[in-house]
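Dear colleague,

I am passing on the structure we spoke about, and my notes on it follow below. Please read them with the model open beside you.

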Amino acid sequence: MHLPIKLPLIAILRGIKAEEAEAHIGALIECGFDAIEIPLNSPDWQQTIPQMVKLFGDRALIGAGTVLKTAQVDELAAGGSRLMVPPNPDAAVIQRAVKHNMWVAAGCATATEAFTALNAGAQALKIFPASAFGPAYIKAIKAVLPSDVPVFAVGGVTPQNLAEYLAVGCVGAGLGSDLYRAGQPLARTIEKAHAFVQAYQEAIR
């Protein structure tokens, strides 16, 4: 299983503003994060993402989530994005991203959707919403997937339950509101980032 990141925790910064992004992303990278996702329903993403790629692209895989259209993929590629996390296994969107040499972790909920994403070229899968399905469901899905496909749990993953998802075969997780909520202070982002990194390190010992 090849991952282009060292820490398999994807920071999902939904709602982050352009003027806040540098401080929060810089802090996350200092904490050990090297995968940063800015969802396209965040303000001014067209400005924020290319800026963050310029500032941090040599230290982290930076890109977008909630990508729904091939035109958005083209725009992201033009800005240097190397990560794409679509919420659904849209074959056209995945294929376009792969063509642009992006690393794609495609959203899915069922085995059918997982294979749709893989057949389109996705290199990884995110099971969303993980909290609604639970670790037992993900374990069952993993049983029919190729063993070398990295699976991330996304949705409701906390430092307290991260180990449960890793125990059923998830390589890591995507971290949304339990890591970052729009407008939260920088100190809160750092505090939560440390908690997640510590939980991951303890779980893999």
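Two strands are taken to pair if DSSP finds at least two bridges between them, and strands (E, at least two residues) and helices (H or I, at least four) are DSSP runs numbered from the N terminus. This is a predicted model, in which local features need pLDDT of at least 70 and side-chain atom pairs count only at pLDDT 80 or more, while totals for chains, interfaces and linings use all residues. Residues are numbered from 1 along each chain as its sequence is written, and side-chain values use heavy atoms, with hydrogens and water left out.

The strands form a closed barrel of 8, in the order β1-β2-β3-β4-β5-β6-β7-β8, with parallel pairing.

Strand β8 (residues 172–175) pairs in parallel with β7 (residues 151–154) over 3 bridges, and Val154 has Gly174 of β8 as its bridge partner. On its other pairing, β8 is joined by 3 bridges to β1 (residues 9–12), again parallel, where Ile10 stands opposite Gly174. Both faces of β8 are covered, with Gly172 and Gly174 on one side and Ala173 and Leu175 on the other all buried (under 20% relative accessible area, 1.4 Å probe, protein chains only).

Leaving aside neighbours within four places in sequence, Ile138 is in contact (heavy atoms within 4.5 Å) with Ile127, Ala130, Val151, Ala153, Tyr165, Val168 and Cys170.

Technical notes:
Buried means under 20% relative accessible area, exposed over 50%, partly exposed in between (1.4 Å probe, protein chains only).
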